[in-house]
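This report walks through selected features of one protein chain. Please keep the sequence and the 3D view open while reading.

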Amino acid sequence: MTQKDFIKGVDLSFVDEVETEGGQYYEDGKADDVIKILHRAGVNAVRLRLWHTPTGGYCNLDRTLKMAKRIKAYNMDFLLDFHYSDYWADPGKQTKPIAWENLSFDELVEAVYSYTKEVIEAFKSEDVLPDMVQIGNEITNGMLWEEGKIYKEENIGEVEIWDGIIPLIKAGLDGVKAVTTEADQIKTMIHIDRGGDNPGSRKFYDQMAIYQLDYDVIGLSYYPWWHGPYEDFEANMEDVATRYQKEIIVVEVAYPWIVPGEIPEVDDAPDFREHLVPGYPATPEGQKAYLEKLIETVKQTPDNFGKGIYYWEPCWIPSKQEWSVGHENNWSHLTLFDYEGNKLTGLEAFQESTNTEEDR
C-alpha cells in the first residue's frame, strides 16, 4: 500500500449510480471507463462515501466494495468516508442510522466501534483496504445527533458540549485500529467544513488536541461561496498547519465551469456568482486555472503539511432527473465533465507525468 506524495483526488461516490442507470463518459468523443479517463489525466486518489443503510441502494457497503476494487485496479489511493448515517451528514444534519435510533449512549458508542471495525474487516478481506479513513463527514457541529451534537439548545440558551462527540470519534478511530496493523499504513482523518474560517477551525481542532485524540490528518472543505474569500483560505491553511503540526487535506473542493441557470438542468443550483475568486471566471478555462492555483496553495502550506485535495463529485453529470438521494442534480455546473459526459479542460489541472503505457 502506498501513500502518494501529493494527493490529486476526486470523490466518485455518484459514479456507480450514473453508470448503472445509463450515464457514460467521453474523452475526445470516445466513450471510456471514467476511472481510466481520470487516471490518465493525473488523478491519483479516489474518495467514496459510505452510508449505513441508504434507502436508495447506493453508497452501501456492497457497492462501495465494488467501486474500491475498480480504484485499486489503477493503483490509486482510496479514502473511505464514513458518514455514520443513512443519508447526507454535514454541518446542518447528522442523523443517526435508523438501525441505531433506540440505542443508549453507551450502546451507540459500541455500535460505532463495531460497525467501523466490521466495515474495515470487509475491505481487508477483499484486499482493498483504504489508504485513509475519515471518521465522520463535516462534523463541525457534531455527529450522530442528538447524542453527539456539540451545540444544543437548553433553557439557558445554547450550550456547547463536547463530551458526546469525543467518545463517538474515538470509537471510530479505535474501530479502524482494531483491524489494521502497522504494515497496513492506514491514516485516519477528522473532517470539518471550515476551510476559510480560521476561528472556526481553531475552535474545533483545539478540542481534538485537548481531548488528545489520536488521528493523522486534518480534513477541510473549501468552497469560496460557502467558506469565505480565497485569502482567508490561504491564511487558515498556514495557521492550521503551524498550530497543529498535522497533515492537511482539502478533502472537498469544486469550482464552476459554467454559470448556473443558463440551461434547465442547473436552474436549482446555488447562486455563487458574487463569490467567485477574482480573475477566475465560471468557464472551463477559469475552472482549470482556479484548480491549478488551489493545488499550488496547498503545496505551499508550511512545513509541507499540505498533502492534497479531493474534488467533490466531478462526475455527477445530469444523466437522470431524480436520484437515489431524491432530488435533481444541482451540481452539474461544478463537474469536470460537461452535461453529456465529455471531459472538460479543467481536468487537465491534475496532469502530472505519471501515465503508463496501459493508459495511453
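Trp 88 counts as buried because its relative accessibility is 13%, and the cut-off for buried is under 20%. The model is predicted. Trp 88 is found in the loop between strand 5 and helix 4. Leaving aside residues up to four places away in sequence, Trp 88 touches Phe 14, Arg 49, Trp 51, His 83, Lys 93, Trp 312, Val 325 and His 327. Tyr 311 is 223 residues from Trp 88 in sequence. In space, the two C-alpha atoms are 17 Å apart.

## Aromatic rings

The whole structure holds 31 aromatic pairs. One of them joins Trp 312 and Trp 316 in an edge-to-face arrangement. Their ring centres are 6.2 Å apart, with 80° between the planes. Both Trp 312 and Trp 316 are buried.

Trp 88 also belongs to a cluster linked by ring pairs.

Lysines sit over rings at two places, listed here.

| Lysine | Ring | Distance to ring centre |
|---|---|---|
| Lys 246 | Tyr 215 | 4.3 Å |
| Lys 320 | Trp 323 | 5.3 Å |

## Helix 4

Helix 4 spans residues 105–125, 21 residues in total. From first C-alpha to last it reaches 30 Å, close to the 30 Å expected at 1.5 Å a residue.

Which residues of helix 4 are buried? They are Leu 108, Ala 111, Val 112, Tyr 115, Thr 116, Val 119, Ile 120, Ala 122 and Phe 123. These residues lie on the same side of helix 4, because they cover an arc of only 155° around the axis. Asp 106 and Ser 125 are exposed on the other side.

Several elements cover the buried residues of helix 4. Among them are strand 4 (45–50), strand 5 (77–82) and strand 6 (132–135). Helix 3 (61–73) and helix 5 (165–179) are also included.

Just after helix 4, Asp 127 takes a positive phi of about 60°.

## A hairpin

Strand 7 (residues 151–154) pairs with strand 8 (residues 157–160) in the antiparallel sense. Four bridges make up the pairing. A hairpin through two residues joins strand 7 to strand 8. Glu 153 stands opposite Glu 158 in strand 8.

Note on methods. Residues are numbered from 1 along each chain as its sequence is written. This is a predicted model: local features need pLDDT of at least 70, side-chain atom pairs count only at pLDDT 80 or more; totals for chains, interfaces and linings use all residues. Side-chain values use heavy atoms; hydrogens and water are left out. Rings of Phe, Tyr and Trp (its six-membered ring) pair if their centres lie within 6.5 Å; planes under 30 degrees apart count as stacked, over 60 as edge-to-face and the rest as tilted. Buried means under 20% relative accessible area, exposed over 50%, partly exposed in between (1.4 Å probe, protein chains only). A charge sits over a ring if NZ of Lys or CZ of Arg is within 6 Å of the ring centre and within 35 degrees of the ring normal. The expected span of a helix is 1.5 Å times one less than its number of residues. The arc is that of the directions from the helix axis to the C-beta atoms. Contact means heavy atoms within 4.5 Å. Two strands pair if DSSP finds at least two bridges between them.
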